[in-house]
Structures are given as C-alpha cells and as structure tokens.
Amino acid sequence: FEFRRAITRRPSASIVEGLRAQDIGTPDLDRMQQAHTAYVAALKRTGADVTELAPLEDFPDAVFVEDTTLCLPQGAILMHPGAPSRVGEVAEMATTVRGLYEDVRQIQGPGHIEGGDILVTAREILVGRSDRTDAAGVAELAEIAAEWGHSVREVFTPPGVLHFKTDCSLMDGETILATKRLDASGCFKGYRVLHVAEGEEPAANAIRFNNLVLMAAGFPRTAEMLNTAGYEVVEIDNTECAKLDGGMSCLSLRF
Ligand code: CIR
C-alpha cells in the first residue's frame with residue numbers, strides 16, 4: 001500500500017458504451033470527469049507521481065486501467081483480458097509501462113486474466129477466478145510471479161461479482177476490507193478482515209494509497225468503521241463508474 005507512482009487514464013466520451021452487467025443508466029461524462037479529477041488529486045495529495053494518460057475513444061472501458069497490467073516491484077505483467085472488447089487496451093498501456101519498467105512480461109494466453117481479479121498482499125498474490133479470469137490465466141501469471149519470488153494463490157470470485165477486488169481491498173500488509181459474502185468463502189484465513197457494513201457492499205472496492213484510503217462516497221457506516229479503525233478516509237463520487245461496475249481500484253495502476 002506504499003506507492004510512489006500511479007497511472008490513470010481520463011474517461012472518454014465513448015464511456016457511454018462501456019460494459020456493464022446490468023443497465024442502471026448511462027454514465028454522464030462530465031460527472032465522471034469531475035470525480036476522476038478528484039481521484040487523481042487525492043493520489044497526488046499522498047505524494048504520488050501520477051501519469052495521466054489521454055482518453056481512448058476506441059476503448060470505452062479504458063478508464064479502468066487496473067485491468068490491463070499487474071505492477072510488482074520487480075517488473076510489470078501485461079494482462080490478457082477476458083472481455084474481448086478490452087484486449088486492445090493492453091497494447092495502449094504497454095508503451096507507458098515499458099517506459100517506466102525495465103522488465104515487462106506479457107500473459108500470452110490462451111488463458112485470460114484481468115488486474116481487477118488480483119490482490120497483492122504482503123505475503124502472497126491472491127487471484128480470483130471469475131468470468132474474466134480462468135485457470136490457465138492464473139497459471140501463466142503464477143509462473144512469472146514465481147520467477148520474481150511471489151507465490152500466487154488461486155481463489156474464487158463469488159458468482160455475479162465482476163472481479164475479485166469488486167468485493168475486497170488491501171488496507172495494510174495484513175488487513176483486508178471485504179464483503180461478508182467474499183470472506184465467507186474462507187479465502188482470507190490468517191488475515192485481519194474488516195467487513196463493509198451490511199447493504200454497503202460496493203464500498204469494498206477501495207484503495208489504500210500511502211496515508212489515505214480512497215473509497216466510494218455514500219457508504220457512511222463503512223467510512224465510519226474505517227475511521228474508527230484509524231484509517232484516513234477520502235470519499236470520491238463513484239456514481240458514474242458504478243454504472244459500469246467500476247470502483248476505486250479499477251481507476252489506477254499503483255507501484
Ligand atoms: C468492465 O466490465 O470491464 C468495466 N465496465 C468495469 C471494469 C472494472 N474494473 C475493475 O474492477 N478492476
């Protein structure tokens with residue numbers, strides 16, 4: 001959770017075409033841009049050097065940069081998204097990542113894996129299989145990660161949940177914020193787990209970035225719980241990204 005840099009990409013007008021599990025309304029670009037600006041400002045407040053990339057009209061979901069790459073201290077791994085419309089986002093990100101990392105690897109497939117399914121903790125890398133991430137994708141990641149001294153543990157994203165990290169986030173080396181439904185699977189055994197409040201499940205997709213926890217606004221009981229636990233919480237408007245099943249973690253690469 002201690003990072004020096006982040007990469008973000010500004011939302012494009014094509015965001016209205018973004019993927020969504022359920023149609024709960026068309027995202028409003030202006031409002032999304034405002035929220036995105038607040039998000040980047042919060043990252044910068046922690047001292048981060050933020051690379052802000054230009055919008056990509058050809059890729060409606062490109063604002064959700066997290067899914068394209070896994071950034072580790074030893075190098076970066078370009079993903080192989082399970083959503084066909086998102087595969088081309090990886091090449092767009094690759095140029096930037098190659099400029100910042102010496103060692104850049106790539107998931108070649110045939111397996112699929114998206115960054116939203118990967119939670120890096122102090123002791124291991126948890127990867128949730130989902131509609132976007134399959135066993136072959138996890139296995140290919142595990143091989144590369146092993147070379148760099150990381151162990152990968154395969155877990156499962158609950159049915160109907162887009163990504164593993166839709167339902168959890170790392171608060172510090174040993175502490176995970178999670179929904180009860182995900183924690184019930186037993187995947188966090190041995191960690192300290194904080195549960196989001198009942199009915200506030202979307203609050204679980206948060207990020208700890210240096211001194212701050214960025215979380216979606218509108219989940220007061222979870223915000224209060226985190227404050228009481230000693231975290232400094234910044235609430236960001238997530239209404240527009242939520243229409244596309246996106247949250248705080250999706251919007252940046254952090255390293
Ligand atoms: C998608 O369905 O791929 C996008 N609409 C949302 C991606 C959210 N990304 C993430 O949770 N890491």
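**View 1. The largest nonpolar core of the predicted model and the residues with the most contacts inside it.** Of the 22 residues that make up this core, Y39, L43, F64, I207, L214 and I236 are the ones that touch the most other members. The elements that each supply two or more residues are the helix α1 (29–45) and the strands β12 (207–209), β13 (212–216) and β14 (232–236), and among the contributors α1 gives the most, with 5 residues. Apart from this core lies another one, of 15 residues, which includes V213, A216, A223 and Y231.

**View 2. The surroundings of F64, one of the core residues that touch the most other members.** When residues up to four places away in sequence are not counted, F64 touches R86, E89 and C241, and it also touches L244, G246, C250 and L251.

View 3. An oxygen atom of the ligand, in turn, lies 2.9 Å from a polar side-chain atom of R132. On its own the ligand has 350 Å² of accessible area, of which the protein covers 99%.

**View 4. An open sheet of 3 strands with mixed pairing.** The strands follow one another in the order β2-β1-β15. Because β2 (49–53) and β15 (253–254) stand at the edges and each has a single partner strand, one side of each is left without a neighbour in the sheet. The pairing of β1 (residues 5–9) with β15 is antiparallel and runs over 2 bridges, and L253 in β15 is the bridge partner of I7.

**View 5. T179 in the loop between β10 and α4.** The loop that holds T179 lies between the strand β10 (175–178) and the helix α4 (180–183). With a relative accessible area of 0%, T179 is buried, since the cut-off for a buried residue is under 20%. A polar atom of the T179 side chain lies 3.2 Å from the backbone nitrogen of L182. Leaving aside neighbours within four places in sequence, T179 is in contact with D167, H195, V196, E201 and A204.

Notes. Residues numbered from 1 in each chain as written. Predicted model: local features only at pLDDT ≥ 70, side-chain atom pairs only at ≥ 80, totals over all residues. Heavy atoms only, no water. Core = buried A, V, L, I, M, F, W, Y, C linked by side-chain atoms within 4.5 Å. Buried < 20%, exposed > 50% of the residue type's maximum accessible area, 1.4 Å probe, protein only. Helix = DSSP H or I, 4+ residues; strand = E, 2+ residues; numbered from the N terminus. Contact = heavy atoms within 4.5 Å. Polar contact = N/O pair within 3.5 Å; in protein donor to acceptor, adjacent residues only side chain to side chain. Areas by Shrake-Rupley, 256 points an atom, 1.4 Å probe, with all protein chains shown as cover. Pairing = 2+ DSSP bridges.
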